[in-house]
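Student: Hi, can we go through this structure together? I'd like to start with the gaps inside.

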Amino acid sequence: IFDEIQRTPELLSYIQVKVDKDQKKGMYIITGSHQAQLHLAVSQSLAGRTSLLRLLPLSLQEMRASNIKDSLEEIILKGGYPRIYKDNLPISNAYSSYFQTYVERDIRQILNVKDILLFERFIKLLAARVGQLVNYASLASDVGVSAQTIKEWISVLEATYIIVRLEPYFENFGKRLVKSPKIYFADTGLACFLLGIESTQQLMKDSLYGNIFENWVIIELMKARYNQAKDPRLYFYRDFIGKEVDLLFQQGSQLIPIEIKSSKTFSATFLNGLKYFHEQATEKAKGGFVIYGGERSQKIHDFQLLPAENTYKLMLDEFL
């Protein structure tokens, strides 16, 4: 097992010779935390000889299998990094150390950032915009750098699995559609740390709780797909009159709309976005889900109410 292989790409040529000679599958596990550099190194030396997997922090399903019994709110606050649970680390100290190490080691190595405080301000401002459309000009103005610099920084955060970009679904349904992506954090624990949220009480009272809850659900769905070695195929829908669906899951030629609500009680208004999308995409829309903070599963007309605790089930073939 070789970790951070992108830092010593010369090893890959030796691995290539060994793999070609012995013709055995699974001889080596190679890992790396920088997506672009790892892919470049592997594609140059081991093209056609590898199977690539994306491993995000622990999913709720994995935590429950490991007998982690924290509440959903505690898990959103703590995030999914294994050591926090294994060693029962104080989350504020754990994320402070992680963030400083990431900035000092990875960012200084990848980017020529003259003022590291500017980068820290940028990532905290990004956390405050979680789940919102990316506005490069606004971020550039608030941070004090160019919009091009913001684009480069976001690309690096994405390549190092700090954030994920959720793209809009572009197909023309007879309306002009938004084409800007949304940004979510690969780990809600880090997002909470960057926002200064230190307890579940703070979290649930915070004005961004709905956005953070949405972030957690979206990442859980991505983990469920990645852990099956499948692409997420997740998008969002938003038109220029402000009508929106939090997620679209593409299944073949069909699109399954998904709404995400942090509320613990169901409201009939939760179905409005699903119904609207069916009106716009009569031939492509298939069923729909509301994932919410409550505990009850229920079929409502053509839609399914699903507790956030069971988010991963949505990506199981037998469930769909």
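Student: Which residues lie nearest the centre of the largest cavity?
Tutor: Gly80, Asp187, Thr188, Trp216 and Lys223 do, out of 14 lining residues. A cavity is a set of points on a 1 Å grid over the protein atoms alone where a 1.4 Å probe fits but cannot get out, and a lining residue has an atom within 4 Å of a point. Before we go on, this is a predicted model: local features need pLDDT of at least 70, side-chain atom pairs count only at pLDDT 80 or more, and totals for chains, interfaces and linings use all residues. Residues are numbered from 1 along each chain as its sequence is written, and side-chain values use heavy atoms, with hydrogens and water left out.

Student: How much space lies in the largest cavity?
Tutor: About 60 Å³. A volume here is the space filled by probe spheres set on the grid points, which are joined across faces, edges and corners.

Student: Which helix gives the most to its lining?
Tutor: α12, with four residues. Both α3 (60-65) and α12 (209-226) supply at least two. Helices (H or I, at least four residues) and strands (E, at least two) are DSSP runs, numbered from the N terminus.

Student: How many cavities of 30 Å³ or more does the search find?
Tutor: Three, in the whole structure.

Student: Tell me about α6, then. How far does it reach?
Tutor: Helix α6 covers residues 91-110 and reaches 27 Å from its first C-alpha to its last. That is close to the 28 Å expected, where the expected span is 1.5 Å times one less than the number of residues.

Student: Where is its kink centred?
Tutor: On Val103, with a bend of about 30 degrees. The bend is the angle between axes fitted to the seven residues ending there and the seven starting there.

Student: And which α6 residues are buried?
Tutor: Ile91, Ala94, Tyr95, Phe99, Tyr102, Val103, Asp106 and Ile107. Buried means under 20% relative accessible area, with a 1.4 Å probe and protein chains only. These residues pack against α4, α5, α7, α9 and α10.

Student: New topic: Ala186. Why does it count as buried?
Tutor: Because its relative accessibility is 3%. Ala186 lies in the loop between β2 (182-185) and α10.

Student: What is Ala186 in contact with?
Tutor: Leaving aside neighbours within four places in sequence, Leu56, Pro57, Tyr161, Ile162, Ile163 and Ile219. Contact means heavy atoms within 4.5 Å. Ala186 and Val164 are 22 residues apart in sequence, yet 6.1 Å apart in space, C-alpha to C-alpha.

Terms used: Buried means under 20% relative accessible area, exposed over 50%, partly exposed in between (1.4 Å probe, protein chains only). On a 1 Å grid over the protein atoms alone, a cavity is a set of points where a 1.4 Å probe fits but cannot get out, and a pocket is an open set with protein on both sides within 12 Å along at least five of seven lines; lining residues have an atom within 4 Å of a point.
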